[in-house]
Amino acid sequence: MAPKKAQASSAAAPVVTTGTTTSTAPAVSAPSKKSSSSSSEAWSNVATNILKHYQKTTPQRTKLIDLFMAFLVVVGGLQFVYCVVAGNYPFNAFLSGFSATVGQFVLTASLRIQTTEANKADFPSVSPERAFADYVFGSLILHFFCVNFIN
Amino acid sequence: MAVASASDPSPMQVLADFGKSKSLRTLLRVLILCFIAGAAVSSRLFSVIRFESIIHEFDPWFNFRATKYLIANGFYDFWDWFDDRTWHPLGRVTGGTLYPGLMVTSGAIYHALRALTIPVDIRNICVLLAPAFSGLTAFAAYLLTNEMTTNTSAGLLAAAFMGITPGYISRSVAGSYDNEAIAIFLLVFTFYLWIKALKLGSVLWGALCALFYGYMVASWGGYAFITCLVPLHSFVLICMGRYSTRLYVSYTTWYALGTLASMQIPFVGFLPVRTSEHMPALGIFGFLQLVAFIYYIRSALSGAQFKAFLFVGLGAVFGLALLALVAMTSAGYIAPWSGRFYSLWDTGYAKIHIPIIASVSEHQPTAWPAFFFDLNMLIWLFPAGVYLCFQDLKDEHVFVVVYALFGSYFAGVMVRLMLTLTPIVCVAAAMASSQLLSTFLSVKSPKVKDPAQEDVTDSLSKKTKQNAGGSLRSANSPYVGVYSFLSKGLVSGIMTIYLLLFVLHCTWVTSNAYSSPSVVLASRMPDGSQHIIDDYREAYQWLRQNTKEDAKIMSWWDYGYQIGGMADRPTLVDNNTWNNTHIATVGKAMSSSEEVSYPIMRQHEVDYVLVVFGGLLGYSGDDINKFLWMVRIAEGIWPDEVSERKFFTPRGEYRVDGEATETMKNSLMYKMSYYNYHTLFPPGQAQDRVRGVRLPDTGPVLNTLDEAFTSENWIIRIYKVKDLDNVGRDHAAAASFDRGHKKKKATKKRGPRALRVD
């Protein structure tokens, strides 16, 4: 069930709200950031707690999904940095590349949410299989638009 | 007694039981929906029956012309269409500046019908597109309402309301081939898909919602309404503490896909990441990511730690995002709100800053009676429906409340946005009335009602007492209900009468107010028979047959699309008011004296000038009545050459008779309108029937233009711009020389001659 689809989207793309997008990155990346930012006892507690909780409750497959999401964040971040540093000249290309990573990220996040056991009650009508089918459908549309827009 | 009445089914009971079987209900529902669609379509056909199958008004003529271009040249040519026959000499990148959804839809229908070997004229497809889509809108309203309530009859009522309410018919009669024709269907259907996606938390529905949102963006500029309403709904939900993973899934899917979809349209392009109108959606998208992350963290942390994390993290991110937005706006990456949107907040804004927006009648604020006129009884059922939403406040009901608030505000600001309010009014009103009807129409009465039942047979006077007793009894019984058949009958009877009146009102409004093509006018002869005034088409046909293929026609922008569509001649300005300066140039030419106007017309290679004059017929929508807008728009660009004040008399009156100011009398528009007009009347009797004034005996003198054509009722007057004089005189001198000669031959032709001084 882990998304093994090859990412055709490593083109280029900027983000307008980088701050928020990166901060929503999967939980894996969060602890390291937090621990570096704070030296106090409470903060390192927070970080270790999150890390512990994550490792304890996340199944292997979901970890794969998280890895993919982290990868998307990195790709998106790179594109954005490129845009800031080197200019956004083919703006179409940048936008579609970046939207591809952002879109794929939220779709994957949706897949992750829908397949998590704890959220079962929220999605009475979405079985894991259905969630994956939806995911494929959404990704197809996303990449169709991106390819069409990339010029 | 109670036992007896329960075991002994009345005829109504039998009927109710009969309707209970599930398959029969489905069949009935389908049938009813079909009938509603039929009613929706047929009530829009008044104009075809009264007049003919013709494209209406102004904008539809452009859409029609573009559709014909699409059919003739194929999709790719249409996409790259550069139109050199409008906005002479600039031209217009039409393919990149229109919403192609409407044309592509009718083109697809055309080709589909052709593939089925049903050859239908493209004009008929265009004329009948709006009624056909209104049937679909009724169905979409049915679906949307069904999401709101478990009561299926509400959906049917909503469909019926949506089908015939004048607020929607006003933009979708047969022949009104405008973007709104399909956009309202897409609006309602996108909202339905959004609610569905939100309820199920499904990526599939979210993606469908995004696709229809993309279709909507391709069809109508009003898509910004969805772009703002959906984030607002999500925001309100989050603020109410109703964040759910379903919200995350549906919103992010919709936004990620929908934004990409909207950027495929060349006219929209980068706007979704560049303009402030689209920023709320983006902001909520980022905010949701944040909220989702926080919720995840919360499951991992203890209370105190979480609080600390929340304050620091959330505060920092929010501050940063806000700072970034402000910085990018001031640095110019994100355009501030556009003028049209400013005028939504400050209704006086357009009047001061952008006269061209204020000059469009559909951008005026709505008058109160218009609400009743367009929605009739729905407008007072509407608050009741919204109240019902509060009673059982689920996520989808919050949507109704938010939509109702915003829709009402916008409908109050701009007449044309009544259209976006109408769907929610229909939904809310249907919920209210179905609640009322299902309460009062149920044949079964509560069990504890034997005395009440008896009372029905008694006299009416006793009934009030009984009601008091009934309500007292209901205080201690868990079931509250309607007890007497009388009140049931009374309420449902009154409701039925209201519904019937509503149908009457809708039919009356549709047939009287909204079914005129405005290209063809109807009037009544003294004996009551209908008389068709067809001056517009007469004049356009004249242009088509008597002028060169590339003769440039100058007219006020209102008629640009019609000239392009019906006369097929290049125009200087048209209803796509993208270039204010060019419009102001035309306004200046119209409002200045001949000496100023002639060089302008020469520079723009104008061959003919077209004015609309209603003075003979009493047709009030003519150019003299619109003249002040021309002056204002021209004044906006050339404040020292054109001055609105000079067109008013010292006492502040706008006059066209003998008292008119010199500036007014010398303006090209005045001269063209009244040129030779007095010769129609006996001396001293010349009268303008629109303004209701008597005109001076001597008409204006035109030196640089020749009258080329005047239609039967003088509604359209066309003038030919004279070429330069052969021997190099200016036109005034040449004209007075000519007149000097003529004077000896035909003295009687005009009254006493006014000598030109200048």
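1. Are Trp556(B) and Trp557(B) buried or exposed? Both are buried. Here buried means under 20% relative accessible area, exposed means over 50%, and partly exposed lies in between (1.4 Å probe, protein chains only). The two ring centres are 6.4 Å apart and the planes meet at 45°, so the pair is tilted.

2. A word on the basis. This is a predicted model, in which local features need pLDDT of at least 70, side-chain atom pairs count only at pLDDT 80 or more, and totals for chains, interfaces and linings use all residues. Residues are numbered from 1 along each chain as its sequence is written, chains are lettered from A and ligands numbered from 1 in the order in which they are written, and side-chain values use heavy atoms, with hydrogens and water left out.

3. Chain A has 6 helices and 0 strands. Its order from the N terminus is α-α-α-α-α-α. Helices (H or I, at least four residues) and strands (E, at least two) are DSSP runs, numbered from the N terminus. Of the 151 residues in chain A, 50% are buried. Chain A exposes about 7,300 Å², and carbon and sulfur atoms supply 65% of that area. The area comes from the Shrake-Rupley method with a 1.4 Å probe; for residues, only the protein chains shown count as cover.

4. Contacts in chain A deserve a look. Contact means heavy atoms within 4.5 Å. Take the contacts between residues at least 6 apart in sequence: 79% of them join residues at least 24 apart.

5. Where is Ser127(A)? Ser127(A) sits in the loop between α5 (91–115) and α6 (128–149) of chain A. Ser127(A) is partly exposed, at 32% relative accessible area. Val81(A) is 46 residues away along the chain, and the two C-alpha atoms are separated by 38 Å.

6. Over all chains, the whole structure holds 59 aromatic pairs. Rings of Phe, Tyr and Trp (its six-membered ring) pair if their centres lie within 6.5 Å; planes under 30 degrees apart count as stacked, over 60 as edge-to-face and the rest as tilted. One pair is Phe144(A) with Phe145(A), tilted, at 5.6 Å centre to centre and 50° between the planes. Phe144(A) is exposed at 54% relative accessibility, whereas Phe145(A) is buried at 10%. In chain B, ring pairs join Phe191(B), Phe225(B), Phe399(B), Tyr403(B), Phe406(B), Tyr409(B) and Phe410(B) into a cluster.

7. Two charges sit over Trp rings in chain B. A charge counts if NZ of Lys or CZ of Arg is within 6 Å of the ring centre and within 35 degrees of the ring normal. Lys588(B) has its charged end 4.7 Å from the ring centre of Trp638(B). Arg632(B) lies over the face of Trp629(B), 4.6 Å from the ring centre.

8. The side chain of Ser592(B) reaches the backbone oxygen of Lys588(B) at 2.6 Å. Ser592(B) lies in the loop between α29 (580–591) and α30 (594–603) of chain B. Ser592(B) is buried, at 9% relative accessible area. Leaving out residues up to four places away in sequence, Ser592(B) touches Ser597(B), Asn666(B), Ser667(B) and Leu668(B).

9. Thr137(B) belongs to helix α7 (residues 122–148) of chain B. Thr137(B) is buried, with 0% relative accessible area. Beyond neighbours within four places in sequence, Thr137(B) contacts residues including Met162(B), Tyr168(B) and Phe185(B).

Methods:
Polar contact = N/O pair within 3.5 Å; in protein donor to acceptor, adjacent residues only side chain to side chain.
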